[in-house]
Amino acid sequence: MNKHKRLKKSFKPTFSKFGGSLPIFSHKDAITAALAEPSSGLIICGQTGCGKTTQVPKYILEAGLSSSKMIAVTQPRRVAAVTIAQRVAHELGSSCGQTVGYSVRFDKRVSDDTKICYLTDGMLLREAILDPTLSKFGVIILDEVHERTVSTDVLMAIVKKLRETRDLKVIVMSATIDIPKISEYFGIDKVVSVKGRTYPVEIYNLKQPEGNYVDNAMISILQTHLEHPEGDILCFLTGQEDIEDLQSLLEEKIELGKHPDYNMAPLVVVPLYANLPNHLQLRAFEKCEGRKVILATNIAETSVTINGIRYIIDSGLCKMKSFQTTTGVDTLKITAISKNSATQRSGRAGREAPGKCFRLYTEEIYDEMSDSTPPEIFRTNLSRVIIQLKAMGIKDVSDFDFIDKPSKQLYINAFKELNDLRCLDADANLNELGRKMSIIPTEPVYSKLLIHSTKTEYKNISKDIVIIVAMLSVENIFYAPRNFQRKAERKHKKFFVLDSDHLTLLNVYNYYIKNKGNSGFCKENFINEKSLKKATQISNQLLGYLKTLSQKSDGTVEETKAEVINELDMIAKEADENYDRNQLITKCLYEGLPLNTYQCHENIYRSTKTHEECNIHPTSVLFNKFPTYVVCSEIIITSKKYMRFCTDISKVYVKD
Ligand code: ADP
Ligand code: MG
């Protein structure tokens with residue numbers, strides 16, 4: 001090791017400038033003392049904003065408690081991992097990716113010098129697949145455990161086990177945590193409780209349930225702005241769509257308000273959701289001219305703290321994953337939040353001064369809310385978890401030491417799916433396909449499709465499949481503003497490939513690349529530029545994973561697959577009305593997505609496997625066309641059961 005490097009490694013940060021006034025600061029010595037012994041553990045419970053996530057890792061680093069290893073801090077949400085890493089890097093006077101870094105799906109900023117790494121729980125789980133002892137890490141901080149995501153639950157069990165076999169220190173943190181339960185599960189009896197300063201928050205409920213929540217939110221925000229003294233507003237919504245809707249509604253009103261007759265004080269609208277590019281996410285934390293209104297998903301509930309908030313507008317809703325054990329489908333539904341969430345949300349207004357919370361629902365609706373949200377493991381498709389556990393060498397997964405065990409039925413469904421995907425061997429261990437699938441961080445159906453596409457018979461169409469999967473992983477490719485609905489639809493139709501939603505997505509992407517990612521092109525055609533950019537990023541990552549998989553054990557790369565990298569802009573040239581290619585892609589979709597093949601009989605589609613009925617979604621290019629055989633990549637259940645992205649496979653379908 002050269003001298004320069006060593007100097008860098010022994011660099012000890014000092015940080016008097018930030019964090020000294022936060023409530024957690026007075027517990028610093030107690031925290032470091034509790035972690036002095038090898039394999040020690042600690043539970044930290046404290047109000048959102050008291051300094052857990054940003055300060056504790058620095059205490060550990062400063063006290064040298066992680067020996068020379070990295071400190072991992074898990075976050076259930078990628079926005080939190082990214083913004084907090086940037087904040088802490090700033091506090092340490094370095095840039096993100098040096099001492100402090102982050103790693104989230106499809107995006108990573110770490111270097112050899114990184115000592116504190118904020119990662120999504122999903123990414124730490126991936127690390128555990130690649131290295132089951134997580135040997136890089138000396139301290140693992142499991143943050144926000146109250147969210148009880150599946151990945152956090154799996155990690156809790158893994159970390160618990162690892163502590164028995166090697167020196168690994170663990171800290172479990174949260175704002176609202178069931179201390180006795182966590183304490184018993186981990187066998188940790190040291191607890192630090194941080195009392196935050198809080199001010200009273202007055203709560204107002206809707207008198208009558210009326211109107212839709214986006215309109216109600218707009219009215220409440222404007223009223224608050226016009227009638228209440230200074231202080232920023234935080235509005236909780238469900239996702240990108242309603243945030244964008246509300247943003248454009250508000251911006252219209254703000255334009256009107258500029259008229260001398262109204263002379264409305266400045267109001268700045270700042271969105272905050274997962275799909276937003278990183279630099280825009282940081283805007284929520286910056287000061288601005290006039291009053292700020294932040295339109296956020298429940299990311300702002302406990303994961304990140306924004307200073308200056310005095311008013312909360314709470315839609316009472318969130319997007320939640322739920323799993324239909326009967327149909328075996330994961331759905332993302334807009335659902336009522338729990339009482340616990342409602343309390344957390346209103347609490348955001350009382351951190352620095354007394355505040356107000358306007359709930360866009362009645363007291364009766366509040367009374368009907370459940371006390372807290374059930375853990376995700378009870379309402380998810382377990383197939384991905386099972387692949388991950390098996391990849392870590394855990395054989396008997398149904399006996400896995402989860403803090404709360406999922407039902408038998410969930411295991412049965414998942415094993416059925418994995419069998420259908422043919423990724424298990426006779427002993428229910430991963431076969432070669434299964435092992436490959438465990439490396440790709442997508443749902444098993446997509447991992448299988450991606451791997452399937454690399455077969456030589458498909459002649460290098462895997463880059464097209466990669467793009468299709470990337471496009472399926474981002475939301476809202478097409479958009480249609482309220483006043484331009486017809487025009488937008490006309491523009492969108494130009495991109496339609498009439499027998500396939502998947503080829504349509506590929507087509508949009510290829511045109512986007514052909515136009516060099518031009519903003520004008522996106523605007524003109526009502527295509528969501530942000531989503532396309534994201535899809536480009538995801539495609540590159542997925543190509544990278546496929547490249548890793550095709551690497552031979554001696555480290556060389558098979559030629560045919562290595563060259564797919566950085567070739568994205570070549571595709572546009574080839575893809576033009578390439579009939580044979582489309583035929584191959586169709587065949588690959590049919591063979592690679594084996595779970596969801598449907599046959600039409602008298603305008604009714606039934607699964608070729610289970611004979612269950614399903615409908616083509618109205619947004620599909622195949623809606624009302626009734627081709628005999630279709631394959632779909634996503635099933636959603638709203639008022640009916642729908643196939644959302646479909647391709648006509650009648651020409652390639654082979655009867656069993
Ligand atoms: P906790 O994890 O206990 O909820 P954090 O460590 O996330 O709290 O935040 C501690 C404090 O750091 C917050 O109260 C806020 O004042 C400040 N803070 C956190 N993130 C940022 C940021 N991106 N920009 C400015 N201040 C921040
Ligand atoms: Mg936190």
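These legends describe close-up views of a predicted model. Residues are numbered from 1 along each chain as its sequence is written, and local features need pLDDT of at least 70, while side-chain atom pairs count only at pLDDT 80 or more. Side-chain values use heavy atoms, with hydrogens and water left out.

**View 1. Domain 1 and domain 3.** The domain assignment, which is automatic or from a database, places domain 1 at 23–194 and domain 3 at 440–586. Their C-alpha centres are 36 Å apart. Five residues of domain 1 are in contact (heavy atoms within 4.5 Å) with nine residues of domain 3.

**View 2. The area buried between domain 1 and domain 3.** About 660 Å² is buried here, 55% of it on carbon and sulfur atoms; buried area is the accessible area (1.4 Å probe) that two parts lose on being put together, summed over both. On the domain 1 side, Arg 105, Phe 106 and Arg 126 supply 86% of the area buried against domain 3, more than any other three residues.

**View 3. The largest nonpolar core.** A nonpolar core is a set of buried (under 20% relative accessible area, 1.4 Å probe, protein chains only) Ala, Val, Leu, Ile, Met, Phe, Trp, Tyr and Cys residues joined through side-chain atoms within 4.5 Å. The largest has 102 residues, and those with the most contacts inside it include Ile 140, Phe 186 and Leu 542. A second, separate core of 50 residues includes Ala 34, Cys 50, Tyr 102 and Ile 309.

**View 4. The surroundings of Phe 186.** Beyond its neighbours within four places in sequence, Phe 186 is in contact with Leu 142, Met 156, Val 159, Lys 160, Arg 163 and Val 172.

Technical notes. Chains are lettered from A and ligands numbered from 1 in the order in which they are written.
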